[in-house]
Amino acid sequence: MNIVVLAGGLSTERDVSLITGTMVNRALKNRGHNTILLDVFLGYGDENDDLKDIFEHTDEISELTSSICEMEPDIKQVKAMRKDKSDCFFGPNVLNLCKMADIVFMALHGENGENGKIQAVFDLFGIKYTGTGYLSSAIAMDKGISKKMFVAAGIPTPGGFTLKKDGKGTGNQNSELSYPRVVKPCCGGSSIGVYMVNTEDEYIKAVESAFQYEDEIVVEECIKGREFSVGVINGKALPVIEIAPVQGFYDYKNKYQAGSAIETCPAELSDDITSKMQHYAEQVCEVLGLDTYARMDFLLDGNDHMYCLEANTLPGMTPTSLLPQEAKVVGMSFEDLCEKIIEVSFLKYAKADQ
């Protein structure tokens with residue numbers, strides 16, 4: 001097949017996306033596909049370039065990074081790299097190349113990758129892509145909305161509320177939400193802009209800092225316990241994986257720097273807790289309308305009470321990412337996983353045509 005692996009962009013998770021794209025591109029090439037690794041913002045060449053037979057020349061056509069820094073990327077610097085100096089999110093020839101492909105493998109993470117906007121554009125252009133659709137992407141990306149849906153469906157999640165810069169919010173903001181608290185952007189990812197606070201002064205500073213990322217934030221109770229994640233492919237949960245950061249919590253650095261966290265899969269849990277966590281992961285997909293694949297994050301406190309934190313509609317596919325580790329336990333290699341994601345994504349279109 002002719003496949004565009006779409007990565008990069010302008011989100012705070014840009015570097016993670018580039019590594020995901022690089023690995024997916026390599027895996028699909030090894031399986032004999034004609035692939036183009038493309039930065040969605042930087043694009044390729046000039047708008048008037050002749051793209052005929054470009055999939056017969058399958059070298060990586062964007063200069064993409066080969067490592068993830070400990071700090072989030074400098075988006076201003078990325079914008080300065082744009083050849084045509086345009087502010088348009090889609091770089092030169094991106095839409096043209098995507099229309100020429102049999103499918104676009106979505107290797108994007110974060111804003112304008114997982115929030116449904118690109119998916120909506122592709123739907124309008126008739127471009128096939130991996131992962132869930134635009135509406136379910138948007139719902140899952142908004143932690144405030146998705147948490148309300150968890151509560152309505154009986155899926156356990158930490159208590160809390162949302163705040164907006166204009167002072168409005170949802171939830172019982174006057175409740176006695178104890179410290180420590182967690183403050184985080186409503187639609188962020190990779191734990192960027194997430195703060196653990198223990199006092200009122202720390203809380204006020206964290207709220208101010210979180211608002212630098214977005215105009216809406218989530219404040220919730222801090223659950224102390226073990227961290228887990230469960231991938232779901234085509235409605236069926238994979239083995240549970242446990243993440244134990246060597247220091248601190250599972251922040252941006254601990255997620256992507258080798259040796260920063262100890263990951264155990266299958267997680268050392270009782271059969272009952274394992275089954276319950278997998279059930280909730282599958283239920284999240286059903287409640288949020290997520291098809292193809294996703295990954296859900298959980299916490300388990302000292303009394304074995306579990307809490308679902310969020311759903312990730314385009315999970316990372318980096319050397320330290322969780323979904324590939326879970327798939328490996330059931331005998332699925334990284335190349336197999338990439339092929340499986342494409343397979344279940346095509347099923348989405350087959351069902352729509354029925």
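Because the model is predicted, local features were considered at pLDDT of at least 70 and side-chain atom pairs at pLDDT 80 or more, whereas totals for chains, interfaces and linings use all residues. Residues are numbered from 1 along each chain as its sequence is written, and side-chain values rest on heavy atoms, with hydrogens and water left out.

The protein chain contains 11 helices and 14 strands, taken as DSSP runs (H or I over at least four residues for helices, E over at least two for strands) and numbered from the N terminus. Of its 354 residues, 54% are buried, that is, under 20% relative accessible area with a 1.4 Å probe and protein chains only, whereas exposed means over 50% and partly exposed lies in between. Among contacts (heavy atoms within 4.5 Å) with a separation of 6 or more, 70% come from residues 24 or more positions apart.

Helix α5 (residues 134-141) packs against helix α6 (residues 143-153) at an angle of about 90°, with the axes 5 Å apart; the axes are lines fitted to C-alpha atoms over the stretch in contact, and angles run from 0 to 180 degrees between N-to-C directions. The two helices, α5 and α6, are therefore roughly perpendicular, a term that covers angles of 65 to 115 degrees. In this contact, I139, A140 and M141 of α5 meet K143, I145, S146 and M149 of α6.

One cavity of 30 Å³ or more is present in the structure, a cavity being a set of points on a 1 Å grid over the protein atoms alone where a 1.4 Å probe fits but cannot get out. Residues with an atom within 4 Å of a point count as lining, and for the largest cavity these include G8, F89, H109 and E111.

Y179 and P180 are joined by a cis bond with omega of about 5°, and P180 lies in the loop between β5 (169-170) and β6 (181-185). The bond from C265 to P266 is likewise cis, with omega near 0°, and P266 falls in the loop between β12 (261-264) and α9 (271-288). K85, in the loop between α2 (75-80) and α3 (94-100), has phi near 60° and counts as exposed at 58% relative accessibility. N93, also in the loop between α2 and α3, has phi of about 70° but counts as buried at 2% relative accessibility.

How values were computed
1 Å grid on protein atoms, 1.4 Å probe; cavity = no way out; pocket = protein on both sides within 12 Å on 5 of 7 lines; lining within 4 Å. Points joined across faces, edges and corners; volume = space filled by probe spheres on them. Parallel < 35°, antiparallel > 145°, perpendicular 65-115°, else oblique.
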